[in-house]
Amino acid sequence: MTDLCSREALLSIEAARARIAAAIQPVSGSDRVTLQHALGRVLADPVRSPLNIPRDRNAAVDGYAFSSRDIDVRQPFHLRLAGVSWAGKPFLGQLSAGECVRIFTGAVVPNEADSVVMQEFVSVDGDHIEFPAAVPARRFVREIGEDVKRGELLCRAGKKLGAIELGLFASAGIYDVAVKRPVTIAYFSTGDELTGIGQPLAPGKIHDSNRYILGGLLADPGYRASDLGVIGDDRQQLEDALSQAALNHDVVITTGGASVGEADFIQQVLERLGEVHLWKIAMKPGKPLAFGRIGNAWFFGLPGNPVAVAVTFQQIVEPALRRLVGLAPANPLRIKATLTTPLKKERGRLEFQRGILTQDADGEFFAASAGGQGSHMLGAMSASNCYIILPADCGGVPAGEPVWVEPFRTAL
C-alpha cells in the first residue's frame, strides 16, 4: 500500500477526482434493450434516424388547407370544400384550383396545398368556405424532415437516455438500442457498533443508516447494486467480504474504517488484497477516503458518519461511477444566492454546508443554513435542499453576502 499524501498534506477534491479519472476506464460490454427498458441507461452506439420526421407534410393546426399560388390573399376569397383530411386518414383526392380541404392537426396536407388557415378565421356555409382578406399564406404546414432528416444523428454514444430521447427514438420507429452494460457494485458497512433496523439497540450501539443512504444513491438504471449488509470489526471477516465482493463486482464500496485511527487495521487487510491508497481530502464533511483496486474491482472506502458518506459519494464516487458507465464528466449546477444567516467555518478545507435555497417573486435566490452541520446530523441534511459551497480559505460568511450553492433538484 502506498499513501500518496503525507500525514500533514490534504488532497484537494479536484486532485482526487483527477487521479481517480486517470486510473479508471469505462466498463466494456453492452446490452440490447427495448425502449421500455432503456430509461436511464447509457447509449453504447450512436443512433441515426431510419426515416424523416415528420414522414409526411402535415398540418400544425385545425383548419383548412389550400394552395395560395393562384389566389390574391390580400383580398377576401372563397373556396369549395373538396373533402376532409383526418389525422391517420388523409384526403385521397386531388385538390383542384378553387378548392380546399378541411384538415386537423397532424393530418397529411395534400400535395397541391401550401397553406393551412386556422378554422377560427373562416366562415362556413355548407361546402362554401369564406376566407378573409390578408389571410396568412404558406403557414402552419410541417414539412417532411423538418425536425429530423433520414440518416441524421439522433443521439451520440455516451448519452444517458431520458424520457425525451425515448420519445425521439419511438418517433423514428426505433424498437431497441444498444446500451452500456450496468456497472456492478457491492456495498457494505463496517463496525461492531452497527445494528440493523428493526432490532433493539444495546448500550453503545447505533442503527446502520449508511447502507440505506448508499442504496438510495445507487438506485440508477446504470448500476446494479448489491447490499452485503454489515461486517463487524473482525479482520478475517472483512478480508473475506472484500475478496468475495471483488470477484463478482466492478466496484466495492464500504463505509467506516477509513479514518486515521483505524488506518493501521484497514491497511493490513487491504495490503494483502490489492493496491489501495488512503487519502485525506481537503473537504468537510468527508476527509478520510480510500481508493484503489482489490482484484479486478475498484474500491472506495468512505467515512463512517452518514452525512460524510453522502457528500463524499456525491462529490468523488459518483463522478467515478459516471466514468465507469461511459458518461462524460459533468459539473453540478451552481448558482449565486444571498446568504440570510451567518455561517461559521474554519479555514483549511472546502466545505459543503447543508442549506435551504429559496427564490422570491423577482427570481432572486437566497440561502440559509439548514441547521446543525455535524457530519452525523441527518436531520439537518434531510431539511436541506442544497449545499452551500464555502472555499477552503473562507473563514466564515456574514449574512447578506453572496455564496455559491449546489441545488439538490431543480424544483424549490
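Good morning. I begin with Asp-192, which counts as partly exposed because its relative accessibility is 41%. Please keep in mind that the structure before you is a predicted model. Asp-192 sits in the loop that runs between β13 (183-190) and β14 (194-195). On the surface, Asp-192 belongs to a patch of negative charge, together with Glu-193, Asp-233, Asp-234 and Asp-240.

Let me turn now to helix α2, which spans residues 163-171. Which residues of this helix are buried? They are Glu-165, Leu-166 and Phe-169. These three lie on the same side of α2, because the arc they cover around the axis is only 100°. The other side of the helix presents Ala-163 and Ile-164, both of which are exposed.

In general, side chains of opposite charge can pair when their charged atoms come close. Glu-165 forms a salt bridge with Lys-159, and the closest N and O atoms of this pair are 3.7 Å apart. Are the two partners buried or partly exposed? Glu-165 has a relative accessibility of 15% and therefore counts as buried, the limit being under 20%. Lys-159, at 37% relative accessibility, counts as partly exposed.

How many salt bridges does the structure hold in total? There are 14. I shall describe two others.

The next is formed by Asp-250 and Arg-181, whose closest N and O atoms are 2.9 Å apart. This pair links distant parts of the chain, as the two residues are 69 residues apart. Asp-250 lies in the loop between α4 (235-248) and β17 (251-255), while Arg-181 lies in the loop between β12 (176-180) and β13. With a relative accessible area of 15%, Asp-250 is buried. Arg-181, for its part, is partly exposed, with a relative accessible area of 23%.

To close, I return to two points. The patch of negative charge on the surface includes Asp-192, where we began. Among the 14 salt bridges of the structure, the pair of Asp-250 and Arg-181 links distant parts of the chain. Thank you for your attention.

Key:
Residues numbered from 1 in each chain as written. Predicted model: local features only at pLDDT ≥ 70, side-chain atom pairs only at ≥ 80, totals over all residues. Heavy atoms only, no water. Patch = residues over 30% accessible without salt bridge, like charges linked within 9 Å, V, L, I, M, F, W, Y side chains within 5 Å. Areas by Shrake-Rupley, 256 points an atom, 1.4 Å probe, with all protein chains shown as cover. Salt bridge = Lys/Arg side-chain N within 4 Å of Asp/Glu carboxyl O. Lys, Arg positive; Asp, Glu negative; His and termini not counted. Charge placed at Lys NZ, Arg CZ, Asp CG, Glu CD. Helix = DSSP H or I, 4+ residues; strand = E, 2+ residues; numbered from the N terminus. Buried < 20%, exposed > 50% of the residue type's maximum accessible area, 1.4 Å probe, protein only. Arc of directions from axis to C-beta.
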